[in-house]
Amino acid sequence: MSSTSAPGPEAQHEFLTRNVEEVLPAGALLERLRAAAGERRPLRVKQGFDPTAPDIHLGHTVGLRKLREFQDLGHQVVLIVGDATARVGDPSGRNRTRPQLSAHEIEAHAATYLDQFFRVLEQSPAPPRLPVEVRHNLDWFARMGFFDVMRLLGTVTVSQMLERDDFSRRFQAEQALGLHEMVYPLMQGWDSVEIRADVEIGGTDQKFNLVMGRDLQRLNGQPPQAVLTMPLIAGLDGEQKMSKSYGNAIGVSEPPAEMFGKVMSAPDHLIGVWWRYVTAADAAELAQVERTLADRAANPMVLKKKLAGRIVALYHGEAEAERARERFETQFSRREIPTDLEQWPAEGAEMGIKDLLVRSGLARSGSEAWRAVDQGAVRIDQVKVTDRNHRQGLEKPFVLQLGRRMVRVVPAGDVGHRSRP
């Protein structure tokens, strides 16, 4: 990286630490920026993603957008596809052991990741920005022999592992804690050794794993990486962190209308948070958003529509964002049912409300369906359904709605050209 290709270390530091929860240790990032400038080289900036699901969501993009800032300044972004660590399952923030995925499931999920990563990062940018370096950690873990693993395990003690809050809580509560889960932080830390990371980015729940990378680098004669932790944004329920497993996520590859509608269904208190962390808004725009939110006379719906349009435009373009807004306003602001609703063919005489929501694709799980019913978010032909025991006759078409999303349910023999495959 040439001295004229980017601002100086101090200016970069001020920009890169915007919206960061914590820099560990204090001053470490500035120190690495200064060292890299003196050596006239880019920093190697790492983040890992375990392909435990087929899609990435807006919560993942908080870190990806920070990586993009590093890339725009000419630094080397290194994406770790965790096809080895996914076999273990990240225990961070978990109160029980994750189910272990098969190699086939992990490979299938990993195949979808890169396209989604490059909706935020530049795959082949123009200089001085550098192409993203993509590494798979199965490449080095598959080469390890038994004694290599033993040496790695010998770098930490059980008492050190139990300093980790979630491990300690589970141990004290006599909840199951697999030995393979305790190995996970070492695996993530070893990734940093393999790629000689200068900086690692991760969520606040990753702090223990991120610091482990520093320890392992030091033990292996490398300068320890600077650590940047990013906030975990809440999902559509407004409470739990955004996660596919919680059914409260917005995937970056979801259709524009569905993405727009989901943003509009989010609680108002998320407007400012999502503007800050998932829209790539600059400081001036964020200040304007905060002023609008502080104005009691302002209508939050106007700002939320702008937020939904911005998010859709980031992943589908301005034209699709405008179409999604128009469809939303037709559907909800004017209380009209869109004429181009997808149809879902239902078989049988009747079906319970949970099965209707799950099989039609409006809910991803039975628990999500029950939550929606309990929260009054389910309607049939615009009539609210609040009874979990509700059973719906299937002899004639009706519109099934969960929040802002809807589908036309039709008898299996009456499916038109808008039916689902």
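**Group meeting: a walk through the predicted model**

Residues are numbered from 1 along each chain as its sequence is written, and side-chain values use heavy atoms, with hydrogens and water left out.

Back to the sheet. β7 and β13 run parallel, with four bridges between them. Strands here are DSSP E runs of at least two residues, helices are H or I runs of at least four, and both are numbered from the N terminus. Two strands pair if DSSP finds at least two bridges between them.

What is the order of the five strands in this open sheet? The order is β7-β13-β12-β9-β10, and the pairing is mixed. β7 (343-346) and β10 (383-384) stand at the edges with a single partner strand each, so one side of each has no neighbour in the sheet.

Now β13, residues 405-411. Six of its seven residues are buried. Buried means under 20% relative accessible area, exposed is over 50%, and partly exposed lies in between, using a 1.4 Å probe and protein chains only. β13 also pairs with β12: five bridges, antiparallel. F398 has V409 of β13 as its bridge partner. β12 and β13 form a hairpin with two residues between them. In that turn, G403 has a positive phi of about 60°.

On to β9 and β12. β9 covers residues 378-380, β12 covers residues 398-402, and three bridges pair them in the antiparallel sense. V378 has L402 of β12 as its bridge partner.

Next, a helix. Which residues of α13 (residues 271-278) are buried? They are I271, W274, W275, Y277 and V278. An α-helix has 3.6 residues a turn, so residues three or four places apart point the same way. The cover over the buried residues of α13 includes α3 (58-72), α12 (256-265), α14 (283-294) and α15 (300-316). Just after α13, A280 takes a positive phi of about 65°.

Q47 sits in strand β2, residues 44-49. Is Q47 buried or exposed? Buried, with a relative accessible area of 8%. Setting aside neighbours within four places in sequence, Q47 has contacts that include L64, L67, V78 and I201. Contact means heavy atoms within 4.5 Å.

Q76 lies in strand β3, residues 76-81. Q76 also counts as buried, at 13% relative accessibility. Again leaving aside neighbours within four places, its contacts include P42, R44, L130 and E133.

Finally, the whole chain. It has 18 helices and 13 strands. Its radius of gyration is 24 Å, close to the 22 Å from the globule rule for 421 residues, so it is as compact as a globular protein of that length. That radius is taken over C-alpha atoms, and the rule is 2.2 Å times the number of residues to the power 0.38. The C-alpha trace spans about 70 × 50 × 40 Å along its principal axes. Of the 421 residues, 47% count as buried. Among contacts with a separation of 6 or more, 73% join residues 24 or more positions apart.

Methods: This is a predicted model: local features need pLDDT of at least 70, side-chain atom pairs count only at pLDDT 80 or more; totals for chains, interfaces and linings use all residues.
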